[in-house]
Amino acid sequence: RDKPELRGDGALELATSEADMDFLINKHPLMIYQDVRAWAAFSFNDRSQKWVKTIHESHLSFLLVMYEQRCYWFEVFEVVRRLCLSGVLILFGTGSVVQGVFSLIFCLISIKAYSYWEPLRNPGASW
């Protein structure tokens, strides 16, 4: 078979044969590259239903389905925000004033970014 099959619950079946391993190693990165290239190609230009079709047919659609086309990259911002609020703050010492100040700064920056770009497709999800 050419690629791994989906199980009944929607998860990919584990690669058990050499053909599956070949697909995952050689073709999967190319598919991801093509998806990212396609998103970037019309992220600001296409205002039609093409964006909706692309994000639903893509292998990485779960990353983009929440965001407007103009903010397709916002998942990267969200990951950095989460890393800063969970991983970086431990470097400042638990319960310290510096930790509190930096957490407030990170939160204010993220509030400003969300209110400036309004990236979410569902307007009620921002509040």
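The accessible surface of the protein comes to about 9200 Å². Carbon and sulfur atoms hold 64% of that surface. Accessible areas come from the Shrake-Rupley method with a 1.4 Å probe, and for residues only the protein chains shown count as cover. This is a predicted model: local features need pLDDT of at least 70, side-chain atom pairs count only at pLDDT 80 or more, and totals for chains, interfaces and linings use all residues. Residues are numbered from 1 along each chain as its sequence is written, and side-chain values use heavy atoms, with hydrogens and water left out.

Of the 127 residues in the protein, 24% are buried. Buried means under 20% relative accessible area, exposed means over 50%, and partly exposed lies in between (1.4 Å probe, protein chains only).

The protein has 5 helices and 0 strands. Its pattern along the sequence is α-α-α-α-α. Helices (H or I, at least four residues) and strands (E, at least two) are DSSP runs, numbered from the N terminus. Among contacts with a separation of 6 or more, 41% join residues 24 or more positions apart. A contact means heavy atoms within 4.5 Å.

Helix H4 has 15 residues. From first C-alpha to last, H4 reaches 20 Å, close to the 21 Å expected at 1.5 Å a residue. That expected span is 1.5 Å times one less than the number of residues. Phe74, Glu75, Glu78 and Cys84 are buried in H4. The buried residues of H4 pack against helix H3 (61-64) and H5.

Now the rings. The structure holds 10 aromatic pairs. Rings of Phe, Tyr and Trp (its six-membered ring) pair if their centres lie within 6.5 Å; planes under 30 degrees apart count as stacked, over 60 as edge-to-face and the rest as tilted.

| Pair | Class | Centre to centre | Angle between planes |
|---|---|---|---|
| Phe74 and Phe77 | tilted | 4.9 Å | 40° |
| Phe74 and Tyr114 | edge-to-face | 5.0 Å | 75° |

Phe74 and Phe77 sit 3 residues apart in H4 (residues 74-88), so about one helical turn separates them. An α-helix has 3.6 residues a turn, so residues three or four places apart point the same way.

The pair with Tyr114 reaches across helices. Phe74 lies in H4 and Tyr114 in H5 (residues 97-117), so the pair ties together parts 40 residues apart in sequence. Phe74 is buried, at a relative accessible area of 0%. Tyr114 is partly exposed, at 23%.

Ring pairs link Tyr67, Trp73, Phe74, Phe77, Tyr114, Tyr116 and Trp117 into a cluster.
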